[in-house]
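Trainee: Could we take a close look at one part of this model, the sheet edge and what packs around it?

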Amino acid sequence: MGLKAMIVDDDPNTVQMLEDSIPWDNYGITEVESAYQGIQAFEIIQDRSPDIVISDIEMPQLDGIQLVEKLQKLDYRPEVIFLTCHDSFEYARKAINYGVSAYLLKPFRMDEFSAALLKVVLKCAKKQENERKLQELEIRKKELEKNQATSAVNTNSVRLRSMTS
């Protein structure tokens with residue numbers, strides 16, 4: 001599958017803990033990037049196109065909610081997991097409105113995080129499968145169109161021959 005993930009948190013200890021304690025390869029995640037602020041994260045996301053973004057909400061310059069807002073304008077949308085100290089209903093409401101996959105309160109239990117990550121990985125796998133099927137259908141469509149065009153030319157040739165005979 002070869003998924004890419006990005007961790008965004010202004011607390012270096014949280015970033016380091018996640019990088020070191022998650023068995024990323026068990027989830028099919030082959031690349032893990034990190035950023036310590038929202039603006040930096042957005043630049044990396046535009047360049048690297050991670051499948052999964054794990055982000056804090058409250059960060060300087062560009063918070064997690066603003067980051068997700070900016071992600072809505074991209075051609076693709078990574079799955080997002082929020083990790084936050086804020087149990088504010090308003091944050092949770094905004095997260096839901098932006099389609100965030102999970103909203104976990106710090107300190108979180110690893111089994112909660114693992115369940116949220118697994119849910120997101122499965123969503124990504126489904127997206128990849130759907131994209132693969134769509135590509136196959138596009139190839140079939142082009143083949144059919146080519147065959148129809150060839151068939152039309154052959155039919156017209158037969159008509160012309162019968163008219164000239």
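Trainee: In which sense do strand 4 (residues 79-84) and strand 5 pair, parallel or antiparallel, and over how many bridges?

Mentor: Keep in mind that this is a predicted model, where local features need pLDDT of at least 70, side-chain atom pairs count only at pLDDT 80 or more, and totals for chains, interfaces and linings use all residues. Numbering starts from 1 along each chain as its sequence is written, and side-chain values use heavy atoms, with hydrogens and water left out.

Strands 4 and 5 run in the parallel sense, joined over 4 bridges (pairing takes at least two DSSP bridges; strands are DSSP E runs of at least two residues, helices H or I runs of at least four, numbered from the N terminus). Thr84, for instance, has Leu105 of strand 5 as its bridge partner. Zooming out, 5 strands make an open, parallel sheet in the order 2-1-3-4-5. Strand 5 (102-105) is an edge strand, as is strand 2 (29-35), and each pairs on one side only. From one strand to the next, the twist averages 15°.

Now the helices. Helix 3 (residues 64-71) lies across strand 1 (3-8), strand 3 (52-55) and strand 4, and runs at about 170° to strand 4 (angles go from 0 to 180 degrees between N-to-C directions, with axes fitted to C-alpha atoms, for helices over the stretch in contact). Helix 3 also packs with helix 2 (residues 38-48), at about 25° and with the axes 10 Å apart. That angle is why the two helices count as roughly parallel (under 35 degrees; over 145 is roughly antiparallel, 65 to 115 roughly perpendicular, the rest oblique). Gly38, Ala41, Phe42 and Ile45 of helix 2 meet Leu67, Lys70 and Leu71 of helix 3 in this contact (heavy atoms within 4.5 Å).
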